[in-house]
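These are my notes from one sitting with a structure.

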Amino acid sequence: MSENKIVLITGGSAGMGKAAASELMRLGYFVIILARNKERGEKALAEIKSESKSNLADLMLCDLASQASIRRFVSQFKEKYKRLDVLINNAGVILPSRHETNDGFELQFAVNHLGHFLLTNLLLDTIKNSSPARIINVSSGAHKAGKIHFDDLNLKKNYNLIKSYSQSKLANILFTYELADRLKDRGVTVNTLHPGAVATQMGINRTTGFGTLITSMLKPFFKSPAEGASTTVYLATSNEVQNITGKYFYNKKPIPSSKLSYDKELAKRLWQVSEKMVHLS
Ligand SMILES: NC(=O)c1ccc[n+]([C@@H]2O[C@H](COP(=O)([O-])OP(=O)(O)OC[C@H]3O[C@@H](n4cnc5c(N)ncnc54)[C@H](OP(=O)(O)O)[C@@H]3O)[C@@H](O)[C@H]2O)c1
């Protein structure tokens, strides 16, 4: 039992984020779900309260594609909450065509990496003051196909879905390892994971519903959202990993990530470039 530790989870309105939130509430955690859309967020909040038979939850709004929205959210969060025991950076998008955010960044890189990079850094003082604390970054096995294209991070040339998604998911792992190093001996662990192939809303267009048919055809072969969320919940709660940091997990076990993901120079360079892109430095 957790004595109502506070968890913040991004992407809590759907898929694995919603399933993890429900399970964490069932285990006695107080869960703040972060959602970009009020209606979807409120619907998810009502459902997870009913599923978990717990009222230990809050909904806060933030669009991770917008740096202004992230900064606004963090100041609202700090007004309302004085501690944060677990941060789960789970939200993610995968997009067949290239989109740009209002900040001028390619959308998958902006949401999957830069948004979480900024959010985590802005919350870091609160997290450190709440130690022992945990940060969990949801990556993907797709990171293995990834490279960091410093000459064209926003993929203006030759955009494709795999190139963009795998770059953003490799960035999640490089960020995890670098942050784990920076927080060594500070009472904050940082781990990352691949959830497996999971039947969620991933890849489904929220406006047109495009992608629903493919997802429903694949459903019998994929994990359920709750199964997919189980490694995230394990990393957030288990005593077995309370002192483990800087690791990549699959099915609740640490496994090696790609060779490139262990390149410390690459991680440092990505950190510096990301800091500039989100105006932290
Ligand atoms: N599904 C898989 O097979 C699989 C495999 C490997 C890794 N992953 C990773 O698992 C994580 C969770 O994905 P999922 O499969 O559960 O997908 P999902 O069902 O599509 O859920 C994604 C969540 O991210 C939120 N989100 C998207 N863009 C956002 C933004 N700009 N601001 C704030 N929130 C935003 C969505 O909000 P809305 O509800 O408003 O859309 C939704 O809550 C992702 O990081 C993904 O890369 C998934």
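Which helices each supply at least two residues of the shell around the ligand? I looked and found α1, residues 15–26, and α5, residues 161–182. I note here that the model is predicted.

**Entry: the shell.** I listed the residues around the ligand and got 30. The nearest of them are Ser13, Arg36, Tyr165, Thr200 and Arg206. I then sorted the shell by class: 14 residues are nonpolar, 11 are polar and 5 are charged.

Entry: In Arg40, a polar side-chain atom lies 2.8 Å from an oxygen atom of the ligand. Lys169 also uses its side chain, with an N or O atom 2.9 Å from a ligand oxygen. For Leu64 I had to look at the backbone, where an N or O atom is 2.9 Å from a nitrogen atom of the ligand. I also looked up the ligand's surface: taken alone it exposes 900 Å², and the protein buries 96% of that.

**Entry: two helices.** I went back to α5, one of the helices that supply the shell, and looked at its packing with α4, residues 107–129. What is the angle between α4 and α5, and how far apart are their axes? The angle is about 20 degrees and the axes are 7 Å apart. Angles under 35 degrees count as roughly parallel, so I wrote down α4 as roughly parallel to α5. Is their crossing left-handed or right-handed? I recorded the crossing of α4 and α5 as right-handed.

Definitions and conventions
Residues numbered from 1 in each chain as written. Predicted model: local features only at pLDDT ≥ 70, side-chain atom pairs only at ≥ 80, totals over all residues. Heavy atoms only, no water. Near = heavy atom within 4 Å. Polar contact = N/O pair within 3.5 Å; in protein donor to acceptor, adjacent residues only side chain to side chain. Areas by Shrake-Rupley, 256 points an atom, 1.4 Å probe, with all protein chains shown as cover. Helix = DSSP H or I, 4+ residues; strand = E, 2+ residues; numbered from the N terminus. Nonpolar A, V, L, I, M, F, W, Y, C, P; charged D, E, K, R; others polar. Axes fitted to C-alpha atoms, helices over the stretch in contact; angles between N-to-C directions. Parallel < 35°, antiparallel > 145°, perpendicular 65-115°, else oblique. Left-handed = near helix turned anticlockwise from the far one by under 90°.
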